[in-house]
Amino acid sequence: MESREWRNNIISKLQTRNKYETAAFQDIISFQSRLFDNVNTLKNENLQLTLLNERIRFSSTDGSPSGASASNERIQAMEQKILVQQEELTSLHRRRGENAQQIMSLNEKVHDLEKQLQAKDVIISENTALIASLRAEIQMYETNMSELQGLNQVLRDEHQALQIAFASIEEKLRKAQDENRSLVERLIKYKSKDADKMNEENEHYLKKKSDKLRKELEEAAREGGSRSSGGSAGSTDDKIMDSLPYYATALPSKVAIRFDAHDGEVYAVKWSPTDRLVATGGADRKVKLWDVSKSIVENKGTLVGSNAGVMSVDFDSTGAYIVGASNDFASRVWTVADQRLRHTLTGHSGKVMAAKFLGEPTKVITGSHDRTLKIWDLRSRMCTETKFAGSSCNDLVTSDGAGSTIISGHFDKRIRFWDIRTEMSANHIMLQGKVTSLDLSRDSNYLLACVRDDTIQLIDLRMNTIVRSFSNEAFKVGCDWSRAAFGPGGRLLAVGAADGVVFVWNTYSGRLETTLKDHTTAVTSVSWHPQSGLLASVDRGKRALIWGDL
Amino acid sequence: MANDREVLREIWDGKLPICFHLAQEEIMEIQQPDPFYVMVPRLSYFPLVIDKMKRHFLRFISQENSDSEMWLDFNGQPLKWHYPIGFLYDLYCGNDPQLPWTLTVHFTKFPEDILLHCPNKDVVEAHYMSTVKEADVLKHRGQVMSTMQKKDHNQLWLGLQNDKFDQFWAINRRLMESHGDNDGFKHIPLRIYTDDGVYNQRLVCPKNTDNSRKTLQQMISELYPEKSNVNLRTHGVIIPPETPLQWLSEHLSYPDNFLHLCLC
């Protein structure tokens with residue numbers, strides 16, 4: 001701050017500088033720039049005026065007479081033309097723009113289509129490859145198929161050959177079967193011939209024996225004729241008896257015991273095979289056991305358990321069991337000794353009309369109104385077999401001890417024969433009316449059928465034909481289950497009638513031997529004692545009668 | 001504290017007359033273009049003052065060159081646009097003043113290896129602001145510029161661009177404050193140029209070791225010990241050697257806060 005010489009120095013220098021540089025030229029240069037600007041503006045104006053001049057001169061050379069107004073009009077027309085041209089130009093530009101746009105979009109489309117085409121090419125190539133592989137597969141399959149056809153042909157040829165062989169063998173079989181049948185027939189014929197011969201021989205022998213006996217008796221009678229005085233009463237009997245000497249089934253003639261068996265109708269009666277026990281079954285649902293070993297009847301016991309009337313009773317071959325068929329669709333087995341109910345066999349859907357032991361005491365066969373026969377096994381307590389009979393069974397019997405044949409009598413007038421092993425009936429016999437009861441003779445050759453048309457038919461089982469028919473004007477079958485029975489020898493048969501009379505016929509001669517009148521109501525069932533000639537009969541009036549000599 | 005308003009005013013008002021000629025080979029019209037005369041501020045930069053001149057010459061050049069960058073040369077020497085105009089004049093014509101300063105305008109053959117490209121005025125602003133910040137770093141360790149807001153920077157640039165003394169110095173005053181407790185700047189931002197345009201920038205303290213204000217003479221003897229009779233010119237005047245550096249920097253700096261001194 002002391003000496004400001006340098007400052008003043010600088011200031012003066014700067015001022016001179018400014019004077020020199022700036023001031024001198026300032027005015028000139030500003031002037032010059034102004035001139036420049038003026039020149040520029042004048043030049044522009046000049047340009048404009050020359051243009052105008054040109055235009056005017058141009059227009060004036062074309063239309064001289066009209067003058068300024070015409071030239072103005074021309075100018076206007078020209079201007080309009082120019083406008084129109086400009087508009088066209090703009091529209092053409094626009095169209096060009098649109099076309100360019102279109103071109104772009106078309107390009108794009110082309111691009112897309114090319115891409116699609118490429119994709120399609122790829123697909124096509126894939127498909128051709130697929131086709132090639134499929135063709136190869138087809139080829140393989142064709143070869144397979146031709147192989148298989150060859151095999152098939154071979155198999156067919158073999159089959160044919162086998163068919164031919166089979167046909168020839170069938171032929172052979174048929175021939176063999178025919179031979180067999182003819183041989184069997186011949187065998188049967190021979191056997192029957194033999195049997196006839198045997199019968200003849202037997203008869204001869206018997207005749208001889210009887211002749212012999214007669215001779216002896218005659219001799220004896222001649223010898224002891226005085227002793228036979230008291231036999232007059234029994235002479236007719238003797239005579240009758242003579243006519244059948246050995247068949248000590250004395251014809252029962254008088255009532256031995258008379259007693260009331262049940263509280264209602266009595267439907268069934270059967271002698272026990274062992275002792276003098278008779279079982280009766282009735283509408284009061286009980287089975288009663290009567291002992292007639294002494295001369296009077298004793299009620300041995302009552303077997304209960306049934307829910308409805310007992311239609312039939314049967315003892316087994318030992319006499320230990322008794323089976324009762326009941327209207328409550330079931331049959332029951334009791335032991336005779338302790339009178340206890342052992343089994344109840346249910347399964348039928350109708351009244352069980354008959355129940356019989358089949359050979360051994362473990363099998364029972366029942367026939368019922370539901371048109372079936374059922375075989376029951378008592379060990380398993382089940383129905384082992386059911387046979388459809390087609391019609392309600394009224395009675396049935398079993399032939400031979402093993403029980404391989406069953407014969408049943410039906411509502412539809414047929415008697416059907418069954419083999420235990422088959423389902424269908426092996427054979428059947430038509431009768432004239434409903435079969436109410438059946439009984440088989442001891443030698444299983446004869447079957448008697450009590451028929452509702454008031455006859456008894458005797459059928460020979462070997463020949464399957466009706467041998468004899470028994471009828472009588474007074475004899476009318478009492479009810480649908482009226483039972484007839486063979487006598488123990490098979491010579492006699494007894495049946496009860498609707499009016500209470502018991503008819504007894506001779507099976508061999510066909511003669512009505514006797515009629516036993518004592519019942520007041522219809523007799524439902526009769527039964528012969530197997531050994532003695534006792535006949536038991538029961539009726540609808542609660543009565544049971546024992547005929548014969550005790 | 002740049003308090004010497006008189007000096008500042010004198011510096012600010014410095015203007016140069018320039019005559020622009022279009023390069024002969026670029027003239028495409030039949031008619032010769034008139035040379036373009038203009039008064040330009042010493043403190044400004046070339047890209048800020050050439051608009052009208054460019055428009056004037058544009059008519060006379062071929063169409064294809066109209067977009068290319070224009071460049072100036074003096075006597076075959078391409079002029080670097082990022083130096084202030086006054087400084088360029090001092091550098092090239094300091095010893096031998098010719099007024100008006102005749103410059104040739106070119107549009108083609110831009111000398112890539114010598115000149116930088118200046119596509120627009122924003123580049124000039126960017127260069128100017130960076131120079132100001134550099135000076136501030138030297139003076140105040142960058143504290144003043146960093147505390148100034150963007151609008152102050154803008155005001156600085158606009159004041160320079162529009163030749164508004166008060167607008168410019170309202171902000172520039174702050175840059176001329178002393179640094180902290182010191183009486184003066186930390187360092188003096190200055191560049192010393194030789195005739196061929198190469199400059200020398202050193203760290204110079206405004207204070208001597210004995211804490212007195214350093215004068216120009218002392219700095220010269222420090223920097224150029226072997227040279228005698230060294231004169232420095234700036235703003236068209238030769239500075240007396242006893243001028244203190246601090247005062248010099250405050251008042252005689254160009255708008256970019258640097259002292260551009262030419263050796264002569």
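User: Which residues form the positive surface patch?
Analyst: This is a predicted model. In it, Arg186(A), Lys189(A), Lys193(A) and Lys197(A) make up a positive surface patch.

User: Where does Lys189(A) sit?
Analyst: In helix H2 of chain A, residues 68-223.

User: What does Arg258(A) pair with?
Analyst: Asp518(A). Their side chains form a salt bridge at 2.9 Å, N to O. Arg258(A) is in strand E1 (residues 255-260), and Asp518(A) is in the loop between strands E25 and E26, so the bridge ties together parts 260 residues apart in sequence.

User: How accessible is Arg258(A), and what about Asp518(A)?
Analyst: Arg258(A) is partly exposed, at 44% relative accessibility. Asp518(A) is at 28% and also counts as partly exposed.

User: And Asp260(A), which side chain does that one meet?
Analyst: Arg543(A), in a salt bridge of 3.3 Å, N to O. This pair links distant parts of the chain too: Asp260(A) is in strand E1 and Arg543(A) in strand E28, 283 residues apart. Arg543(A) is partly exposed, with 32% relative accessible area.

User: Chain B now. What does Asp13(B) bridge to?
Analyst: Arg9(B). The closest N and O atoms are 3.5 Å apart. Asp13(B) is partly exposed at 31% relative accessibility, and Arg9(B) is partly exposed at 32%.

User: Back to chain A. Which residues are linked in a network of salt bridges?
Analyst: Lys356(A), Asp395(A) and Arg483(A) are linked that way.

Notes: Residues numbered from 1 in each chain as written. Chains lettered and ligands numbered in written order. Predicted model: local features only at pLDDT ≥ 70, side-chain atom pairs only at ≥ 80, totals over all residues. Heavy atoms only, no water. Patch = residues over 30% accessible without salt bridge, like charges linked within 9 Å, V, L, I, M, F, W, Y side chains within 5 Å. Areas by Shrake-Rupley, 256 points an atom, 1.4 Å probe, with all protein chains shown as cover. Salt bridge = Lys/Arg side-chain N within 4 Å of Asp/Glu carboxyl O. Lys, Arg positive; Asp, Glu negative; His and termini not counted. Charge placed at Lys NZ, Arg CZ, Asp CG, Glu CD. Helix = DSSP H or I, 4+ residues; strand = E, 2+ residues; numbered from the N terminus. Buried < 20%, exposed > 50% of the residue type's maximum accessible area, 1.4 Å probe, protein only.
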